[in-house]
Amino acid sequence: MKTRIFGGTVVTEQGVFRKDILIGDGRILKTAETIDENDPDAAGAEEINAAGKLILPGAVDIHTHMDLDVGIARAIDDFYSGTVAAACGGTTAIVDHMAFGPKGCSPWHQVKEYHRLADGNAVVDYGFHGVLQSADSAALDDMAEIARTEGITSFKVYMTYDGRLDDLELMRVLERAGKEHILICAHCENHGIVTFFREKFVREGKTETRWHPVSRPAEAEAEAVSRLLALARAAGEAPVYIVHLSSRRGLEEFRRAKKAGQEHIGAETCPQYLLLDEKLYNDPQEGLKAVMAPPLRRQADRDALWQALAENETDTVATDHCPFTFAGQKQQGAEDFTKCPSGAPGVEERLILLYSEGVVKGRITLPQMVKYACTNPARVAGLYPRKGTVETGADADLVLLDPEKEWTMTTGRLHGKADYTCYEGMKIRGAVERVILRGKTIVLNGNYIGTRGDGLYLRRGTSSLA
Ligand code: MN
């Protein structure tokens, strides 16, 4: 079955083009300024009139946490509801970050567990980042084997939390990752700084949410970013990717390494760090909604992160989607922020926020939006050019976006299971109208119309950073 999409405006990282698209067998067969109904290649094709619409590559979110078990709570979106939300927001592929497994387990443990959670449930294409919670030679051998056999070509390390790795362990990981062309994704916060403040504030009874950002200051992020980059350089310019960069100080450390010529490094930020302010924590109830790590920052941080995107200094915008219910799970932190499950929803909101707050407000261009939400995430994850672009041979993953529609962001219009959105009441320009996954329309007029299990497991190639 073929489909001819005509009359629309295609946006890629290269620019904005008046183009028609012919798709078949789940792939893009060709694009041209005009493919009319008399084109022999389009004989018998279904037709989609895209006049007045922007056509983007399906967006790629390489930082989600579906069904995440953090011990004190389990994220409310599983791989079905979370990927329905992703689809409705224009995201047609995710790469999910695994939870830690039981203490002492092999990296294989969570790979198997995540196939069990996702296979047959996901409705967009999906891959996994592995997780390393130790760095002994068996774990590193497993990492290499998982990359080869599962196409899991990136692994996450944490510089804080119980599953964190110390500098010696990070060196072992980075040296091996460099040799194997595996990307190491790092959660960068200094464990000593964060632990010191959390213990101190609990001791002093400072347990309202307003102490959460104070307990995880920008210095904690900046120090860990700087150290990670130094370790990577010492390990022979091992490939590293800084997830959820939140602060100007952290950004400055990344920028410094780039200016010094260090290669194989990348950085991601998220809509919450571009759009939301730490003042949200001043309300002890509302603040619970935004308890996440790293925490929300200040205007100067947001300005710096937007500027880095405008100047093409950072690589991607992902979500860190990790939703808990406000009425239930988040209330575990009502008396003590250190007991609040950490994370917030966002997988559905990302693309339209980048359009409405980024493109419409002149902070980034349309091609930059596509680069940060679609193309670069595909590159970093080793999915390009199958994903992230509108080109002959790519998967026919497409988003038709109405650039003019105006609406108000509210929980009731979203499809995830969380009972809140951090962007409640925000005036939005632009709407995701139709989403096509490998040639099949799975979202129409904002409604999900696909089938559970439509998503394919993605065996990924080598990261562009590796
Ligand atoms: Mn995360």
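Predicted model: local features only at pLDDT ≥ 70, side-chain atom pairs only at ≥ 80, totals over all residues.

User: How much space lies in the largest cavity?

Analyst: About 100 Å³.

User: Which residues lie nearest its centre?

Analyst: Pro345, Glu349, Leu414, Gly416 and Ala418 lie nearest the centre of the largest cavity. They belong to a lining of 15 residues.

User: How does the lining of the largest cavity divide by class?

Analyst: Six residues are nonpolar, six are polar and three are charged.

User: And the second largest cavity, what volume does that have?

Analyst: About 30 Å³. Its lining consists of Cys105, Ser106, Pro107, Val131, Gln133, Ser134 and Ala139.

User: New topic: the metal. Which protein donors does the manganese ion have?

Analyst: His63 and His65 each give NE2, and Asp320 gives OD. These donors lie 2.0 to 2.1 Å from the manganese ion.

User: How are the donor residues spaced in sequence?

Analyst: The pattern is H-x1-H-x254-D.

User: Are the two histidines, His63 and His65, buried or exposed?

Analyst: Both His63 and His65 are buried.

User: On to the rings. How many aromatic pairs does the structure hold?

Analyst: There are 13 aromatic pairs. One of them is Phe201 with Trp211. That pair is tilted, with 4.9 Å centre to centre and 55° between the planes.

User: Why does the pair of Phe201 and Trp211 tie together parts that are apart in sequence?

Analyst: Because Phe201 lies in helix H5 (residues 191-203) and Trp211 lies in helix H6 (residues 211-215), the pair links parts that are 10 residues apart in sequence. Phe201 and Trp211 are buried.

User: Which rings are linked into a cluster?

Analyst: Phe79, Tyr114, Tyr126, Phe128 and Tyr457 are, through ring pairs.

User: What about charges over rings? Where does the charged end of Arg452 sit?

Analyst: Over the ring of Tyr80, 4.0 Å from its centre. There is also Arg379, which lies over the face of Tyr384 at 4.5 Å from the ring centre.

User: Tyr384 again: what kind of peptide bond runs from there to Pro385?

Analyst: A cis bond, with omega near 5°. Pro385 is in the loop between helix H12 (366-380) and strand E16 (398-408). A cis peptide bond also joins Ala293 and Pro294, with omega about -5°.

User: Where does Pro294 lie?

Analyst: In the loop between helix H9 (271-275) and helix H10 (299-310).

User: Now the backbone angles. What is phi of Tyr161?

Analyst: Near 75°, which is positive in a residue other than glycine. Tyr161 is found in the loop between strand E11 (154-158) and helix H4 (167-180). Tyr161 counts as partly exposed, at 29% relative accessibility.

User: And Glu237, what phi does that residue have?

Analyst: Near 55°, a positive value in a residue other than glycine. Glu237 has its place in the loop between helix H7 (218-234) and strand E13 (240-242). At 25% relative accessibility, Glu237 is partly exposed.

User: Last one: is Ala122 buried or exposed?

Analyst: Ala122 counts as buried, at 0% relative accessibility. Ala122 is found in the loop between helix H2 (107-118) and strand E10 (125-131).

Key: Residues numbered from 1 in each chain as written. Heavy atoms only, no water. Phe/Tyr/Trp six-rings, centres within 6.5 Å; stacked < 30°, edge-to-face > 60°. Helix = DSSP H or I, 4+ residues; strand = E, 2+ residues; numbered from the N terminus. Buried < 20%, exposed > 50% of the residue type's maximum accessible area, 1.4 Å probe, protein only. Lys NZ or Arg CZ within 6 Å of the ring centre and 35° of its normal. 1 Å grid on protein atoms, 1.4 Å probe; cavity = no way out; pocket = protein on both sides within 12 Å on 5 of 7 lines; lining within 4 Å. Points joined across faces, edges and corners; volume = space filled by probe spheres on them. Nonpolar A, V, L, I, M, F, W, Y, C, P; charged D, E, K, R; others polar. Donors = N, O, S within 2.8 Å, 3.2 Å for Na, K, Ca; no water.
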